[in-house]
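Please look through the structure shown here with attention to its aromatic rings, its packed helices and a few individual residues. The report below takes these topics in turn.

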Amino acid sequence: MSTWRERCSFDPLPVLLSCGDEALVYHVRRDLLGEDPGAVDQLWELPAARQILKKQLPDGSWPRHGEQKHPAINYGLIETWRYFRFLVEQYGFTRQHPAAARAAEYLFACQTEEGDFRGILANQYATYYTGAILALLVQAGYASDPRVEQCFRWLLAMRQEDGGWSIPMITHKLNRETQYRLSSEYAEPLQPERSKPFSHNATGMILRAFAAHLEYRYSEAAQTAAGLLKSRFFQPDAYTSYQAASYWLRFEYPFWWNNLVSALDSLSLIGLSREDEQVRLALDWLVTHQEADGLWKVSYARPDEAEKQSMKTLEMKLWVSLAICRILRRFYS
């Protein structure tokens, strides 16, 4: 038995391998067992992947269902990011698939001359979504694209003085009315108050892009941000948006917001050591909170509240558990 599996209280592989999800089993065999399960493009034809592609529009985006309250917000960008996550993270789509290439070009069409992806906060800078979108594009095979390099340079230029990131608008003391106006109109984007502290939620989402890139993951900027991120494990954020410490313990996959699993995933790729005190405490937390079935819960934010038992919850538990096993394997193998 490999070292990382010995660290677990219960062997997670039997339940992961017998789950019946072909895409998940592929990743288990490749990433946890070190086997060759064949070319990843076999996942592109799975029914679940094809169902996502059915909803894609000719311009490469996905439509928004429901009310679109703010005309200045690009809901197509939000929805495209939402679905592109599943294609890339679960089904291994790359630019070699025409639909993935169209989605990537739609995302790039939302990139400004400055380098950021604009529209989710109207015309305000959305550093956190820019980093998260960039991570997917790198994973999809665009690491050497000049537009990706431009985006990395923009992110480097948008750091706080402490070396982390925040969301520029929330570093200002704005009343609710002003915040609403700035995010509902095409107002000039606010520069960050750089003397304010970093937000670990924003930094965690942005760091995914650096972790995904084979060169930027070893940069001084990535190492600095990784050190800042781990220093805030289990602590409240510096800002009111997603401030509660409990957000560290709300998991999902593919990753969206920052949490303990998504943060450790980045840190494991960036190369932090399991001997680091803060990393060790986080890894020990994961090990001690594994369930008897070999999986991890989707949320530990409310220990007194049982998770809803549904197929969707079970599916999420399986993918979250895969992500945790990848982390353990990187740190302990």
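## Charges over rings

In this predicted model, Arg85 lies over the face of Trp81, at 5.4 Å from the ring centre; a charge is said to sit over a ring if NZ of Lys or CZ of Arg is within 6 Å of the ring centre and within 35 degrees of the ring normal.

Residues are numbered from 1 along each chain as its sequence is written. Because the model is predicted, local features need pLDDT of at least 70 and side-chain atom pairs count only at pLDDT 80 or more, while totals for chains, interfaces and linings use all residues, and side-chain values use heavy atoms, with hydrogens and water left out.

## Aromatic pairs

Rings of Phe, Tyr and Trp (its six-membered ring) are paired if their centres lie within 6.5 Å, and the pair counts as stacked with planes under 30 degrees apart, as edge-to-face over 60 and as tilted for the rest. The count by this rule comes to 25 aromatic pairs. In one of these, the centres of the Tyr128 and Tyr129 rings are 4.7 Å apart and the planes stand at 55°, so the pair is tilted. Tyr128 and Tyr129 are both buried, where buried means under 20% relative accessible area, exposed over 50% and partly exposed in between (1.4 Å probe, protein chains only).

The rings of Phe234 and Trp285 also form a tilted pair, because their centres are 6.2 Å apart and their planes are at 45°. This pair links distant parts of the chain, 51 residues apart, with Phe234 in the loop between helix 11 (220-230) and helix 12 (260-270) and Trp285 in helix 13 (residues 277-288); helices here are DSSP runs (H or I, at least four residues), numbered from the N terminus. Phe234 is partly exposed at 28% relative accessibility, whereas Trp285, at 14%, is buried. One aromatic cluster is formed by Trp81, Tyr128, Tyr129, Tyr242, Tyr247, Trp256 and Trp257.

## Packed helices

Helix 12 and helix 14 (residues 311-332) pack with their axes 9 Å apart and at an angle of about 30°, the axes being lines fitted to C-alpha atoms over the stretch in contact, with angles from 0 to 180 degrees between N-to-C directions. Helix 12 is therefore roughly parallel to helix 14, since angles under 35 degrees count as roughly parallel, over 145 as roughly antiparallel, 65 to 115 as roughly perpendicular and the rest as oblique. Residues that make the contact (heavy atoms within 4.5 Å) include Leu264 and Leu267 of helix 12 and Ile324 and Ile327 of helix 14.

The axes of helix 8 (residues 146-157) and helix 10 come within 12 Å and cross at roughly 135°, which makes helix 8 oblique to helix 10. Here Phe152, Leu155 and Leu156 of helix 8 meet Ile206, Ala209 and Phe210 of helix 10.

## Two individual residues

His200 lies in helix 10 (residues 200-212) and is buried, with a relative accessible area of 3%. Not counting residues up to four places away in sequence, His200 touches Leu229, Arg232, Gln235, Pro236, Asp237, Trp248 and Asn258.

Phe86, in helix 5 (residues 75-89), is partly exposed, with a relative accessible area of 25%. Residues up to four places away in sequence left aside, Phe86 touches Ile52, Tyr91 and Pro254. Phe86 and Leu136 are 50 residues apart in sequence, and their C-alpha atoms are 10.0 Å apart in space.

Key: Helices (H or I, at least four residues) and strands (E, at least two) are DSSP runs, numbered from the N terminus.
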